[in-house]
Amino acid sequence: MTIIELNGLTKYYGKNRGIEDVTFSVEEGEIFGFIGPNGAGKSTAIRTLLNLIYPTKGSAMIMGRDVVKDSQKIRKFTGYLPSEVHYYEDMKVKELFAYSGGFYKKDCARNASYLAERLELDTSRKIEDLSFGNRKKVGIVQAMLHDPRVLILDEPTSGLDPLMQNVFFDLIREARDKGATIFFSSHYLSEVQKLCDRVAIIKEGRLIKVENMEDIRTNQFKNVSLLFHDASKANVNIDGMLQKERIPHGIRFLYSGSSRALLDQLKTVPFDDILIEEPSLEEVFIHYYEKGGVES
Amino acid sequence: MIYKREVKQAQKALWIWIIALGGMSFLIMSVYPQFAANKEQLDDMMKLYPEAMLKAFNMDSLGFDTPLGFYAIEGYLFVTLFGSIYAAMMAGSMIVKEESEKTVEFLLSKPVSRGRIVAEKALAVFTNLLLFNIVLSLINYAGFRYAGDEAIDMKIFFMISLAPFLLHLTFAAIAFAISAIMRKSRAVTSISLAIVLLSYFFDIVQSIAEKFEPLKYVTPFEYVDSAYIIEHTAIKPLYVSLMAGIVVICVLVAYAVYKRKDLSV
């Protein structure tokens, strides 16, 4: 069953582009990632799904309901975590949870305290005294306290320390095991890699492609720098080498393929030093961008 | 949910305003006995005032010689002008604060329609102003009792208490509509305050200078003119309908605008 469906979704803010003609769908039980650099239009797409903003063209459905017409119904079974977490400063955390839970026709108190406990969040504190990371936790709890069927999370992990990120990932997996479908945005590829089944990549408002994580895993990206004392040896050719550039005392390139194959090939290269790094999303994007998403 | 929260959240500011305005009004009434005791001197002094000033503050048609007249000249100003400022500020922040404080993404991710948000907030404004006016009127009544043993015409007292409430509702509705249209709290507060003060200015101008008389239709302060109310024991029906019309139109505008607004932060 298709849970989230975007059909040629387009949003312009006056003349400024938000997103253009974005089409893809998320299936039931999936953890679906949505990645792109800042300003690519991730939040615009997500806010349109929540009907915070109205689409200029195109449409979107959540569980078969139109996001504009049936917005209120959709929000009954949807949980949303905004990228910027701002709550009523005068409230205590537990008051906010009670306020939040009060909008649903069921008792959410127990679930809220369970989630808060898992995230080690002190619910007796005032919102205004909370750090950014703790506010993020408040956001996660208020998005999940009514056991939503659909979870839409806009950059959920920013601000959480690595330990809490893992707790959060566990909560996401638990929700999925209970039957929820999760759609979340990020600008960290590694985070998406850890969690997602599929991922949509967006840049400058346009969908570049939707990939299976399996494919991305076999098609790993690495940033490789090779340094040579003798610059004349720097003529290297490796299968899967992209965007080769010269740097002082060596070369640098983006590698796409399996890491093992990379190591096998590097054995024969007479380098003096080597640096293999996780590429930034930007670099991977440039790769996708050059290919233009033609290849599937 | 929203209604309850908004009423609760408004209480602190509401009571501060009540104490300030009620206190002023009570203080003013407490000096009335001295005024009344020196009536002749007062009349002599009044003759020295320029006519424009007497007109501006309704001192030509109302006398200082009854508690009601005294209140209508001195205390009424506080309740109408400052009460309107309070009403405009409270109603003006009502909708826009969710955007300014970026809490709208939280609120609108809950299963509540935008129409309902506007309705509950409008109702909260109404409740706050009702409470505000009831308590102020009670304080005023206590002030009258304190000022003298003279019997108070309860009909006039009711009218002179109802009129500020209608005035506050009018300014609140205008500010409420602006609150739905704009995106920044500060801008809404400035514009709403400007509207109140400008209206007051127009009211003074039109009561002094006859050639500006048509201005009286654009200033709600004229709608609740204390001299007319005390003389006729009524608010002009035309003005009551004007105020009701403004309130209804403004709430509808707020609803229509908010329904289609892009609420990104």
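This is a predicted model: local features need pLDDT of at least 70, side-chain atom pairs count only at pLDDT 80 or more; totals for chains, interfaces and linings use all residues.
**The whole complex**

Begin with all chains displayed. The predictor assigns the complex an ipTM of 0.84 and a pTM of 0.85. Next, colour chain B by confidence: its mean pLDDT is 89, and 98% of its residues reach 70 or more.

**Where chains A and B meet**

Select the residues of chain A that are in contact with chain B. There are 21 of them, and they meet 19 residues of chain B. On the chain A side, eleven of these residues are nonpolar, five are polar and five are charged.

**Chain B as a whole**

Along the principal axes, the C-alpha atoms of chain B fill a box of roughly 70 × 40 × 30 Å. Of the 265 residues in chain B, 40% are buried. Among contacts in chain B with a separation of 6 or more, 81% join residues 24 or more positions apart.

**Helix α5 of chain B**

Select residues 67-100 of chain B, which form helix α5. Where does this helix bend? The bend, of about 50°, is at M94(B). After α5(B) comes K102(B), with a positive phi near 60°.

**The largest nonpolar core**

Bring chain A back into view and select V141(A), A172(B) and F176(B). These are the residues with the most contacts inside the largest nonpolar core, which has 134 residues. Helix α5(B) gives the most to this core, contributing 18 residues.

Now centre on A172(B). Leaving aside residues up to four places away in sequence, A172(B) touches A87(B), A88(B), M90(B), A91(B), V125(B) and L129(B).

Select G22(B), which lies in helix α1, residues 2-30 of chain B. Is G22(B) buried or exposed? It counts as buried because it has 23 C-beta neighbours inside 10 Å. Not counting residues up to four places away in sequence, G22(B) touches V135(B), L136(B) and I139(B).

Move on to Q34(B), in helix α2, residues 32-37 of chain B. Q34(B) is exposed, because 9 other C-beta atoms lie within 10 Å. From C-alpha to C-alpha, Q34(B) and A147(B) are 9.4 Å apart in space, while 113 residues separate their positions in sequence.

**Two loops in chain A**

The final stops concern backbone angles. Most residues other than glycine have a negative phi. Select N51(A), whose phi is positive, near 65°. N51(A) sits in the loop between α1 (42-49) and β4 (57-62) of chain A. It is buried, because 23 C-beta neighbours lie inside 10 Å.

Finally, select H249(A), another non-glycine residue with a positive phi, near 65°. H249(A) is placed in the loop between β12 (241-247) and β13 (250-257) of chain A. With 15 C-beta neighbours inside 10 Å, H249(A) counts as partly exposed.

Methods
Residues are numbered from 1 along each chain as its sequence is written. Chains are lettered from A and ligands numbered from 1 in the order in which they are written. Two residues are in contact if their C-beta atoms, placed from the backbone, lie within 7 Å. Ala, Val, Leu, Ile, Met, Phe, Trp, Tyr, Cys and Pro count as nonpolar, Asp, Glu, Lys and Arg as charged, and the others, Gly among them, as polar. The bend at a residue is the angle between axes fitted to the seven residues ending there and the seven starting there. Helices (H or I, at least four residues) and strands (E, at least two) are DSSP runs, numbered from the N terminus. A residue is buried if 20 or more other C-beta atoms lie within 10 Å of its own, exposed if 12 or fewer, and partly exposed in between; C-beta atoms are placed from the backbone. pLDDT is the predictor's confidence in each residue, from 0 to 100. A nonpolar core is a set of buried Ala, Val, Leu, Ile, Met, Phe, Trp, Tyr and Cys residues joined through C-beta atoms within 7 Å.
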